[in-house]
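Thanks for coming. I will go through one model, starting with its sheets and then its helix contacts. Please look at the sequence and structure first.

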Amino acid sequence: MPRWVLHLDLDSFFASAEQLTRPTLRGRPVLVGGLGPRGIVAGASGEAKGHGARSAMPMGQARRLSPHAVALPPRTALYRVLSDRFFGVVRAWAPVLEQIAYDETFAEPEALADADADDVAAFAERLRAEVREVTGLAVSVGAGSGKQVAKIASGRAKPDGVHVVPQGGERALLDPLPVRALWGIGPVAEQTLHRAGVETVAALAALEPGEVTALLGAAVGTGLHRLARGIDDRALVERGEAKQVSAETTFDEDLSDLGAVRTAVAELAEGAHRRLVSSHRAARTVSVKIRSASFGTTSRAETHADATTDLATLTDTAQRLAVAALPDAGVRLVGVSFSGLTTAVQEALFPGAPAAPAAPAPVADLPETEPEPRREWRTGDDVAHPEHGHGWVQGAGHGRVTVRFETASTGPGRAITFRADDPALTGAAAHPPPAAPPHPRPRAGPPAPRPRRGSPARPRAAGAAAAPGPARRRPPRPRARRRTAPAATASRRR
Ligand SMILES: [Mg+2]
């Protein structure tokens, strides 16, 4: 029976959330991240990506690439609201999830147990339509027989599309990719493989199992070799917000060489770091666990003053701890974990970014306790004005502040310049769009029309036929853009 795993990833989540709630920004390049001299891009809109801007790039570099981009500090509270709505929809369609980040999850819908690739594409399109309706955001969906393939497929699906890799089509997708595209291959493992002349996934798949484990170690190598051959039966792991991210490995043969231990620690740190960053968090504490050939286990930890996402810092600390914990006998197992995780994007990833504004001041209700006027406004601040409503600071300086009054539901608004100390202007919380869609669609049944086993979903099944959903409001897209390339691959975009 075929297995179908979906990978759902909101497109340019942070920047899209800004464009959604600040309509003036729609269609314009937007950068979200630290605005200080050492700021890093957390998210770039599709328009900014078109100019070469990317997340994790220094903000200065991104602004040079996309000089007309609007750069804004992140608004974690808004992203959380939208993320919760996204997961609310997805969970109704597919209760079995493995959440990767605020904007990204694997799902394994029961309804697709016997489905074929067309059924999966139709299911994904209905799910996408509902996500758009509820959140106002575009989600791209990749699907395939396992997590690895689904994740790569969602990259192919972007922006705003679906990409289904049919059962048996895994190798056609994976073979030409660089080895680094495989889950679990970071820069260190990549270098090892390159030195051995292994550049592509196809070349890795073609190795004998013994060759792979000789290069990458038994613990990691066996799994990677299977992934390279398109075999991925890893289950989805439902998780709450992890208190730590970690990686550990047991060696086939005990390590007795310090250099080998340091290399292993660097690789494990890299693996844990990947998960740290993709969960949009930073860590204060680095812990290392070493088990000796005689099964004695030693753990060491060090806590930094500030949370960090810097791989070099985390790796250095882990290597230092590992050296201090080395047993006399050989090393049987090494583990690296990062904890003391901070979830606030501003604190963790953007030191120096302005703190989130206080809750909105109830100006209309309590005129006698008018809040102190703010004297310093920063680009991106949310503000409230008793007459003009909710807005955001487009620019400030020289005692003036320019505010654009608009929300997700007003459409593009008017910009008005005030004196910075105008008492009518107060700080406000982010203004998410209304929870209910503006034009609720009547529903014939539950939010997720689940086909019975044996009669997989079709686009016109159950609820879809009775409901004028977004798919009907939009004109049908020409099918001409459907990819014909590898015959084994079905792809849809809108
Ligand atoms: Mg995303």
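Which residue in E3 is the bridge partner of Val32? It is Gly43. Before I go on, some conventions. This is a predicted model, where local features need pLDDT of at least 70, side-chain atom pairs count only at pLDDT 80 or more, and totals for chains, interfaces and linings use all residues. Residues are numbered from 1 along each chain as its sequence is written. Helices (H or I, at least four residues) and strands (E, at least two) are DSSP runs, numbered from the N terminus. Two strands pair if DSSP finds at least two bridges between them.

Strand E2, residues 30-33, pairs with E3 in the antiparallel sense over three bridges. These strands belong to an open sheet of three, ordered E3-E2-E4, with mixed pairing. At its edges are strand E3 (41-44) and strand E4 (70-72), each pairing on one side only. On average, neighbouring strands of this sheet are turned by 25 degrees against each other, direction ignored. Helix H1, residues 13-21, packs on the sheet and touches E2, E3 and E4. The direction of H1 makes about 115 degrees with that of E2. For angles and contacts, two definitions apply. Axes are lines fitted to C-alpha atoms, for helices over the stretch in contact, and angles run from 0 to 180 degrees between N-to-C directions. Two residues are in contact if their C-beta atoms, placed from the backbone, lie within 7 Å.

Next, the sheet of four strands. The order is E9-E12-E10-E11, the sheet is open, and the pairing is antiparallel. Strand E9 (245-255) and strand E11 (297-308) each have a single partner strand, so one side of each is left without a neighbour in the sheet. From one strand to the next, the twist averages 10 degrees. E9 is joined to strand E12, residues 331-339, by seven bridges, and Thr249 stands opposite Val334 in E12. Between E10 and E11 there are eight bridges, again antiparallel, with Thr303 in E11 as the bridge partner of Thr285. E10 and E11 form a hairpin with four residues between them, and Phe295 in the turn has a positive phi of about 70 degrees.

Is Ile290 buried or exposed? It counts as buried because it has 25 C-beta neighbours inside 10 Å; the cut-offs are 20 or more other C-beta atoms within 10 Å for buried, 12 or fewer for exposed, and partly exposed in between. Not counting residues up to four places away in sequence, Ile290 touches Thr298, Ala322, Ala325, Leu326, Pro327, Val331 and Val334. Of these, Ala322 is 32 residues from Ile290 in sequence, with a C-alpha to C-alpha distance of 7.1 Å.

Last, a helix pair. Helix H8 (residues 187-195) and helix H12 (residues 258-278) pack at about 125 degrees, with axes 8 Å apart. H8 and H12 are therefore oblique to each other; angles under 35 degrees count as roughly parallel, over 145 as roughly antiparallel, 65 to 115 as roughly perpendicular and the rest as oblique. H8 contributes Pro187, Val188 and Ala189 to the contact, and H12 contributes Thr263, Ala266, Glu267 and Glu270.
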